[in-house]
Amino acid sequence: MIHFIPESAETASELPGPYAEAVARLASIRQALACVEQFSGEAPSDSMAEAKLAAAWPCASPAKQRVYDVRSARAAASAAAALETLAAQHEAGKAPHPQALERLKRELGDGISSIDLLFSL
């Protein structure tokens, strides 16, 4: 099963600061989007979402951090499901439907955008 939560406190502490897990989770979601984009033959999109999150996290209110947790958990679940589906289809020798890839890209992109907007305000 694919998931985007660090395996241990040791893994989470590889990034400095109290926001290490938050930044790692967002980076994982962006990597999933890049994977889907590459699978559909596109170049990975560019974003500064992790940098914005890292800069804003230390002074973010607990409420904003909880909203981030909810939004990132939703986006991570979508990313995991998308990658598992793509992997299963690839192993079965099937190509994913182009419209399904577009929907996955849109959903993952929307999830990242909602997080990005939260820390851009």
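**Figure 1. Order of the secondary-structure elements along the chain.** Read along the sequence, this predicted model follows the pattern α-α-α-α-α, with five helices and zero strands; helices (H or I, at least four residues) and strands (E, at least two) are DSSP runs, numbered from the N terminus. Residues are numbered from 1 along each chain as its sequence is written. Because the model is predicted, local features need pLDDT of at least 70 and side-chain atom pairs count only at pLDDT 80 or more, whereas totals for chains, interfaces and linings use all residues, and side-chain values use heavy atoms, with hydrogens and water left out. Of the 121 residues of the chain, 35% count as buried, where buried means under 20% relative accessible area, exposed means over 50%, and partly exposed lies in between (1.4 Å probe, protein chains only). Among contacts with a separation of 6 or more, 74% are between residues 24 or more positions apart, a contact being heavy atoms within 4.5 Å.

**Figure 2. Packing of helix H2 against helix H4.** Two packed helices are described by the angle between their axes and the distance between the axes. Helix H2 (residues 20-39) and helix H4 (residues 62-91) pack at an angle of about 35°, with their axes 9 Å apart; axes are lines fitted to C-alpha atoms, for helices over the stretch in contact, and angles run from 0 to 180 degrees between N-to-C directions. The crossing of H2 and H4 is left-handed, that is, the near helix is turned anticlockwise from the far one by less than a right angle. Residues of H2 that take part include Ala 22, Leu 26, Ile 29, Val 36 and Phe 39, and those of H4 include Tyr 68, Ser 72, Ala 76, Leu 83 and His 90. The residues of this contact divide into 15 nonpolar, two polar and two charged, with Ala, Val, Leu, Ile, Met, Phe, Trp, Tyr, Cys and Pro counted as nonpolar, Asp, Glu, Lys and Arg as charged, and the others, Gly among them, as polar.

Figure 3. Ile 29 is found in helix H2 and is buried, with a relative accessible area of 0%. Leaving aside its neighbours within four places in sequence, Ile 29 is in contact with Ser 72, Ala 75, Ala 76 and Ile 112, and its C-alpha atom is 8.9 Å from that of Ser 78, 49 residues apart in sequence. Leu 83, which is found in helix H4, is buried as well, with a relative accessible area of 15%, and its C-alpha atom is separated by 9.2 Å from that of Leu 33, 50 residues apart along the chain.

**Figure 4. The largest nonpolar core and the surroundings of Phe 119.** The largest nonpolar core has 24 residues, and those with the most contacts inside it include Leu 26, Trp 57, Ile 112 and Phe 119; such a core is a set of buried Ala, Val, Leu, Ile, Met, Phe, Trp, Tyr and Cys residues joined through side-chain atoms within 4.5 Å. The elements that give two or more residues to this core are H2, H3, H4 and helix H5 (98-118), and H2 gives the most, with seven residues. Beyond its neighbours within four places in sequence, Phe 119 is in contact with Lys 52, Leu 53, Ala 56, Trp 57, Ala 60, Lys 64 and Tyr 68. Of these, Ala 56 has its place in helix H3 (residues 49-56) and is buried, with a relative accessible area of 17%, while the C-alpha atoms of Ala 56 and Ser 120, 64 residues apart along the chain, are separated by 8.2 Å.

**Figure 5. Buried residues and span of helices H4 and H5.** The buried residues of H4 include Tyr 68, Ser 72, Ala 79 and Leu 86, and what covers the buried residues of H4 includes H2, H3 and H5. In H5 the buried residues include Leu 101, Lys 105, Gly 109 and Asp 116, with a covering that includes H2, H3 and H4. The 30 residues of H4 should span 44 Å at 1.5 Å a residue, and its end C-alpha atoms are 43 Å apart, which agrees; the expected span of a helix is 1.5 Å times one less than its number of residues. H4 is followed by Gly 93, whose phi is positive, near 80°.

**Figure 6. Pro 44 in the loop between H2 and H3.** Just after H2, Gly 41 takes a positive phi of about 85°. Pro 44, placed in the loop between H2 and H3, is partly exposed, with a relative accessible area of 40%. Not counting residues up to four places away in sequence, Pro 44 touches Ala 34, Glu 37 and Gln 38.
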